[in-house]
Amino acid sequence: MKVYISADMEGISGLVDAADVQPPGRDYEHGRVMMTEDVNAAISGALSGGATDVLVNDAHGPMRNMLPDRLHPRGRLIKGRSKPMSMIEGLDSDFAVVLCIGFHARAGSPGVMSRSFMGHEIEDMWLNGQPVGEIGLLHAAAAALRVPVGLLSGDDAACEEMAAWDSSVTTVPVKLARDRFAAELRPVIEARASIQAAAHNLLAELSAAPRQPSAPADVCTLAVRWQSAAVAAHLLGIPGVTMRDTRTVQAEGKMPDLYRLLGIFLRVAGSLANQGPYC
Ligand SMILES: [Zn+2]
C-alpha cells in the first residue's frame, strides 16, 4: 500500500513564527529538524499500520526544508522547486492515501501562519463557490486523482478547516492557535506520538477496507481574489481565464488541471508582487 505525504511547515509541532519557517529566520534551522521529525512520526505510523512504500513531498516555500539524512530510512523524498504540481507533485492513482503533515488554515482565518499560497497577495479563493485554501484545494485535486486524504496535522484551525471540508479525515492538532504568530503548544513528544498513532490506525483501517474519495464535479470553477488589480489584469492573458471583478479572476476546468493552473497564477503574481509570505 503506497502512501503519499505532503509536508508543509506552518502546522509543524512547536513552530509559530515566520522566523521558524523561512530562511534565514533565527530558528529556521531548528524548524527543519522539527518538520522532519513530524514527518518521521507519520512515516513510522504508516509503515507499522501496513504501508509498503512512502513518498514524501517537501511542499513548503523553498521546498528544500527537510533534512534527507535525518528522514526515516524508508521515506523517499521529493525535494526542491519549482514543481508543476507543487504540493501534490508525484501523486497519482497508485497511492492509497494522502497524509497532510504540518498544514495551516486559509488566508484570513485566525490560524497560526494562516495564508493561501502567498502573503497578502491572495485575499481569498473559492472552489465551486465555496471558500477554499490550501487544504481544500489539495483535497479536491487528490480526489480527482482518485486518492483520498486520510490524515492532517496542524494547528486547531487547520484541523477544523479540514473537518469542515471532509469529516472522514483524521485530524491531529499539534498546537492551539492564540493568534496568527502565537500558539499554545502541545508537548512535542506527545504531538509526534499522536501523529504516529493516527497514521498507524489509518493505515490499519485502510488495509482492511480501502477508501475511494467521492468523485469531484467534472467541471470545477476556481476563483482567486488578489490584493492587486495588476495581478488580475495580467492573468487575463492566460486563455480561459475570465474576470469576475477588477481583482478577481476565475477559470473552469477539471480539478487536477486547475491545481496546475493555479501554480501558473502564483508564478505570475510572484513576479509582479514583492511581498513576504507572512506580511
Ligand atoms: Zn508552507
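Leaving aside its neighbours within four places in sequence, with which residues is Leu 137 in contact? The points below take up this question first and then turn to other parts of the structure, which is a predicted model.

1. Contacts of Leu 137. Once neighbours within four places in sequence are set aside, Leu 137 is in contact with Phe 117, Met 125, Leu 127, Val 132, Leu 222, Met 255, Tyr 259 and Leu 262. Leu 137 belongs to the largest nonpolar core, which has 50 residues. Within this core, Phe 117, Leu 137, Trp 226, Tyr 259 and Phe 265 are the residues that touch the most other members. Helix H7 (residues 255-272) supplies the largest share of the core, with eight residues.

2. The second core. A separate nonpolar core holds 37 residues. Its members include Leu 71, Val 97, Ile 101 and Val 172.

3. Strand E1 and its partners. Strand E1 (residues 2-7) is mostly covered, as five of its six residues are buried. E1 runs parallel to E4, and six bridges join the two. Tyr 4 has Val 98 as its bridge partner in E4. E1 also runs parallel to strand E2 (residues 53-58), again with six bridges. Here Ile 5 stands opposite Val 56 of E2.

4. An aromatic pair between E1 and E4. Two aromatic pairs are present in the structure. In one of them, the ring centres of Tyr 4 and Phe 95 are 5.5 Å apart and the planes meet at 85°, so the pair is edge-to-face. The two residues are 91 residues apart, with Tyr 4 in E1 and Phe 95 in strand E4 (residues 95-103), and the pair thus links distant parts of the chain. Both Tyr 4 and Phe 95 are buried.

5. Charges over rings. Elsewhere, the charged end of Arg 244 sits over the ring of Trp 126, at a distance of 5.9 Å from the centre.

6. Cysteines. The structure holds zero disulfides. Cys 100 counts as buried because its relative accessibility is 2%. Cys 159 also counts as buried, at 6% relative accessibility.

7. A hairpin. Strand E8 (residues 170-179) and strand E9 (residues 182-185) pair in the antiparallel sense, with four bridges between them. The two strands form a hairpin, and two residues lie between them. Lys 175 stands opposite Leu 185 in E9.

8. Ala 229. This residue lies in helix H6 (residues 229-235) and counts as partly exposed, at 38% relative accessibility. Apart from neighbours within four places in sequence, Ala 229 is in contact with Thr 246 and Arg 247. Ala 229 and Asp 245 are 16 residues apart in sequence, and their C-alpha atoms are 9.1 Å apart in space.

9. Cis peptide bonds. Most residues other than glycine have a negative phi, and most peptide bonds are trans. The peptide bond from Pro 23 to Pro 24 is cis, with omega near 5°. Pro 24 is found in the loop between helix H1 (18-21) and helix H2 (28-49). The peptide bond from Arg 81 to Ser 82 is cis as well, with omega near -5°. Ser 82 lies in the loop between strand E3 (75-78) and E4. A reader may wish to look at both sites in the model.

10. Positive phi angles. Met 63 is not a glycine, yet it has a positive phi of about 60°. Met 63 is found in the loop between E2 and E3 and is buried, with a relative accessible area of 7%. Asn 128, which is not a glycine either, has a positive phi of about 50°. Asn 128 is found in the loop between strand E5 (122-127) and strand E6 (130-131). Is Asn 128 buried or partly exposed? With a relative accessible area of 44%, Asn 128 is partly exposed, whereas Met 63 is buried.

Technical notes. Residues numbered from 1 in each chain as written. Predicted model: local features only at pLDDT ≥ 70, side-chain atom pairs only at ≥ 80, totals over all residues. Heavy atoms only, no water. Phe/Tyr/Trp six-rings, centres within 6.5 Å; stacked < 30°, edge-to-face > 60°. Buried < 20%, exposed > 50% of the residue type's maximum accessible area, 1.4 Å probe, protein only. Lys NZ or Arg CZ within 6 Å of the ring centre and 35° of its normal. Core = buried A, V, L, I, M, F, W, Y, C linked by side-chain atoms within 4.5 Å. Contact = heavy atoms within 4.5 Å. Disulfide = S-S within 2.5 Å. Pairing = 2+ DSSP bridges.
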